[in-house]
Each structure stands twice: as C-alpha cells, then as structure tokens.
Amino acid sequence: MYDLIIIGAGPAGITAAVYAARKKINTLVITKDIGGQAAWSGDIENYTGYQFITGPDLAAKFEEHLKQYGLELKESQEVTRVFKEDALIQVEVKSGRFTAKAVIVASGKFSRKLGVPGENEFKNRGLTYCATCDGPLFAGKDVAVIGGGNSALDAALSLERICHHVYIVNNTEELGGDLIMRQKVLAGTSITIFNKARVLEILPSLTCKDKSDPRCKMLGGIKISLGSEEKIIDLSGVFVEIGLTPNADLVPEVKKNKRGEIIINNYNETSIEGIFAAGDVTDVPEKQIVIAAGEGAKAALSVFKYLMRKN
C-alpha cells in the first residue's frame with residue numbers, strides 16, 4: 001500500500017516525485033524509462049536555468065535529482081491499467097498489481113506511425129522514431145526525416161551534423177514549427193526539403209534481388225509522392241517525426257477529449273477522485289518540457305492536499 005503511485009518518469013513524473021518526496025509522501029514511481037520525451041530531444045535552448053543543454057543531458061539531470069531522495073523506483077515496467085476499486089487506486093503491471101490512495105498519471109505520449117507498407121518490416125532495421133537515440137548509427141549516410149513540425153526540424157538539424165545528407169518529407173505546403181527552427185533548417189547546406197510530399201512505401205535495399213540476401217532485410221529507400229509524380233530516394237535511414245499520441249489508454253475510465261488526452265482541472269484532478277494526471281498525456285494546451293515539469297509540481301501538491309483531507 002502506497003500513499004501515491006506516479007506513472008512515468010519524464011519531466012512531469014520526476015518533478016511530481018521530487019515534490020512528493022519533499023512532502024514525505026510514501027511514493028512509488030513506475031516507469032518504462034527515465035527522461036521521457038525530453039531524452040529524445042536534441043538541443044534544448046528554452047528550459048529555464050540552461051541557456052543550452054541536450055535532451056539526454058537534461059534527462060540525466062532529472063534522474064540525478066530524483067535519485068537523491070531515495071524514492072522507490074521500478075524501471076522497465078509497463079503499466080497496463082489504472083482503475084479505482086473500493087476507494088483505492090489499483091495499478092496493474094504485467095507482473096502484478098500495486099495499490100495506492102492516489103495516482104498521478106504522467107505517462108506522456110508515444111510516436112505516431114506512418115501506416116505505410118514496409119514500416120513494421122523495417123522498424124529497427126533502418127526505420128526509427130528517435131533521432132537522438134539512433135542518429136549516430138547513420139553517421140556519414142543519407143537519411144530522411146518524415147514530418148514538418150518542431151520535432152522533425154530538431155531531428156533534421158541533429159542529423160545534419162553527423163549524416164551525409166538529410167531529406168525532409170513534409171506533407172504540407174511549407175514547414176511548420178518555430179521560426180528560428182525553420183530558419184536553421186533552410187540554411188542547412190546538406191538538407192533537401194520536399195513539401196507537399198507523402199511517403200508511399202518503405203523499401204528494402206534498391207540493389208536487393210534475392211530475398212535471401214541479408215541486404216533485403218535492411219531499409220534501402222523510400223517511395224514518395226510529389227503531386228502526380230512518384231519518386232524513389234535511396235537511403236540508409238528513416239526517422240519518423242509526425243507527432244505523438246497520448247499514452248492514456250491505460251486509464252480507460254477517465255474522461256478524455258477528442259485527441260485522446262486526459263481532461264484535468266486546475267488542480268490536475270481527473271474525472272475519477274484520487275486519479276490525477278500531469279504533462280503531455282493531459283489536455284494542457286502547450287506541450288513543453290518546462291510546462292510538463294510545472295504540471296508535475298502542481299499535481300503532487302494537489303495530491304498532498306487530497307491525502308490530508310482523506311486521512
């Protein structure tokens with residue numbers, strides 16, 4: 001029995017855990033990894049206190065801060081369901097169940113898929129959803145980034161430093177994202193942009209003839225549409241950056257908006273008493289690291305007040 005279980009250890013979950021520890025709340029943190037989406041980011045220039053820091057470095061700082069408090073932490077654990085039963089909150093994982101008086105769901109988002117032929121076949125065989133994690137594997141090679149928002153532009157700028165050439169495949173008329181990011185990408189000397197383009201298929205090695213050839217098991221290119229024209233680009237890697245989906249299915253009973261985000265009030269309360277939520281999994285309008293951290297702090301303080309009323 002815990003007073004509080006926090007699901008997720010990204011900026012929202014870690015900040016909530018730090019605030020819970022300072023309030024001496026008996027807390028368990030369950031997470032698949034530490035750092036969340038912050039760890040996937042390249043260069044971060046808008047997190048207060050750091051004029052410049054990389055995503056992995058910021059995630060390491062979060063982890064260091066979290067572990068100073070000696071909280072009980074279960075890593076590499078995937079929560080499958082959260083629900084209320086007899087006034088307590090049940091948190092199921094694949095290996096069992098934990099019980100708490102309150103829960104903060106800070107499970108973030110996961111990468112959206114393209115949904116095209118070859119995507120599943122070449123996942124982790126040249127196709128990836130994390131430029132920060134896997135970019136170094138493609139040093140000196142030609143790669144493509146699929147998408148046109150901030151995450152795609154960030155990926156393209158990170159990859160330009162280590163790859164031979166970066167293609168951006170964007171399905172809108174022009175790139176989105178922040179102006180400063182667009183300017184950096186447009187100034188890139190080894191970046192080619194295809195606007196109003198759509199990926200049709202992920203292809204094996206273009207020299208692959210015999211299915212028993214090991215090259216046939218690795219990504220070798222993409223087929224895209226450019227208006228009425230189709231084009232094949234010879235590549236070694238594809239980075240999918242077309243947005244994220246809230247990881248909210250693990251709490252099926254709480255109310256969500258049309259985007260699948262958990263609806264919360266100003267106190268981070270959900271539609272079920274005792275279940276709180278924070279960060280990108282919620283309907284808070286702006287998805288930023290600093291905002292997620294602030295929401296995590298709010299959620300922990302709300303839980304403290306909730307527990308004081310209940311005890």
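Here is a tour in a few stops, with something to select at each one. One thing to keep in mind on the way: this is a predicted model.

**First stop: strand 11.** Select residues 142-146, which make up strand 11. Is this strand mostly covered or mostly open? It is mostly covered, with four of its five residues buried.

**Next, a partner strand.** Now trace the chain from strand 11 to strand 12: the path goes through helix 4, residues 150-160. This β-α-β crossover is right-handed.

**Then another partner.** Select residues 237-240 for strand 17, which also runs parallel to strand 11. Four bridges join strands 11 and 17. Here, pick Val-145 and find Phe-239 of strand 17 standing opposite.

**Last stop: Lys-231.** Move to residues 229-234, strand 16, where Lys-231 lies. Why does Lys-231 count as partly exposed? Its relative accessible area is 31%, and partly exposed covers the range between the 20% limit for buried and the 50% limit for exposed. Leaving aside neighbours within four places in sequence, show the residues in contact with Lys-231: Phe-194, Ile-222, Lys-223, Ile-224 and Leu-226. To finish, draw a C-alpha to C-alpha distance from Lys-231 to Val-199: the two are 32 residues apart in sequence and 9.6 Å apart in space.

Note on methods
Residues are numbered from 1 along each chain as its sequence is written. This is a predicted model: local features need pLDDT of at least 70, side-chain atom pairs count only at pLDDT 80 or more; totals for chains, interfaces and linings use all residues. Side-chain values use heavy atoms; hydrogens and water are left out. Helices (H or I, at least four residues) and strands (E, at least two) are DSSP runs, numbered from the N terminus. Buried means under 20% relative accessible area, exposed over 50%, partly exposed in between (1.4 Å probe, protein chains only). Contact means heavy atoms within 4.5 Å. A crossover is right-handed if, with the strands pointing away from the viewer, the path from the first strand over the helix to the second runs clockwise. Two strands pair if DSSP finds at least two bridges between them.
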